[in-house]
Amino acid sequence: VIKCKAAVMWEANKPFSIEEVEVAPPKSHEVRIKIVATGICRSDDHVVTGCMVMPFPIILGHEAAGVVESVGQGVTSIKPGDKVIPLFVPQCGECSSCLSTKGNLCSKNHIGSAAGFMPDGTCRFTCKGKAIHHFLGTSTFTEYTVVHEFAVAKIDSAAPLEKVCLIGCGFSTGYGAAVQTAKVEPGSTCVIFGLGGVGLSVVMGCKAAGASRIIAVDINSDKFAKAKELGATDCVNPTDFKKPIHEVLIEMTGNGVDYSFEVIGRTETMAAALACCQYNYGVSVIVGVPPAAQKITFDPMLLFTGRTWKGSVFGGWKSKDSVPKLVADYMKKKFVLDPLITHTLPFTKINEGFDLLRTGK
């Protein structure tokens, strides 16, 4: 058992509490990781606010990089000392999605289920005598975590962990939504709703795919400079207009866009993103995590004319196969990660990090 610091969320809408936790050794086919760097993602905050329903107490965090401390019985693909990225979308290699060339959402994932346990139905964290739940099979807001062997990828030992941790969620999710899920083509017109780290990664993906026009949409105009730096050709603030944003975008483009991406997780913007893409061959991709218990209402004629509406989890990448390759591409300078890193804080200042997220900084 390792005793270490972790940020425990005891109940919803309260700050994180830095506690001493006990981390049990890895069981069969499990890996214990020393977390070196972790990013803060809006999906973590969705649990805090109750938008994403999970059991408490819980250790959140799912975008990280670290070093393997020990492995359980039967683990052959990974050894202590390896640099790794935990995978919130696992890859078991056996389920229908893993076996299909079309899918990446392994059936062993915990997205959309309030599980909070390891695959065997137990926890590896204890604090003050209480079992602490896991988050998305990763739980990275702790100095040490335990994950299943199918939820970890070994990466280049030379990779800077404080940067490639973003490949564990934000960068891969956005970049892949453009290049993998939508398969944006050269010369196409794209619009991205929401310019957080994931939205900016969609901008980078559209640019890498050769889109000729990339329209960035956000109600916070402070985000426009960075969007332009990463490839946006136009920036639009919906609050500057009297008419609905989808009408503004159709006017700007003549026919609507070829590809639209909703990277916020709001039903209103999902509907707007669908409505602003070309009526016959436009493709709209939902990238933001939808809020719990909310339904969407839309005119089915929007789809009848030929539009495609699809979702994308973790950018459509098969995680265990793709994460090492994405890290290798980063090392070859095929894309940048530095512009996505706005602040670097010590672990004990995690609540300040969430304040920065919530204020759009």
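The model is predicted: local features need pLDDT of at least 70, side-chain atom pairs count only at pLDDT 80 or more, and totals for chains, interfaces and linings use all residues. Residues are numbered from 1 along each chain as its sequence is written, and side-chain values use heavy atoms, without hydrogens and water.

H4 spans residues 170–182 and H5 residues 197–208. Helices (H or I, at least four residues) and strands (E, at least two) are DSSP runs, numbered from the N terminus. The two axes come within 7 Å and cross at roughly 40°. Axes are lines fitted to C-alpha atoms, for helices over the stretch in contact, with angles from 0 to 180 degrees between N-to-C directions. Contacts (heavy atoms within 4.5 Å) involve Phe 171 and Tyr 175 of H4, among others, and include Val 198 and Met 204 of H5.

UniProt lists an "Alcohol dehydrogenase-like N-terminal" domain at residues 28–155, in an unreviewed entry. Such annotations may be inferred rather than shown by experiment. This span is 9% helix and 27% strand. Its end C-alpha atoms are 22 Å apart.

Strand E1 (residues 2–8) runs antiparallel to E2 (residues 17–23), joined by 7 bridges. Pairing requires at least two DSSP bridges. Cys 4 has Val 21 in E2 as its bridge partner. E2 also runs antiparallel to E6 (residues 125–127), through 2 bridges. There, Glu 22 is partnered by Thr 126 of E6.
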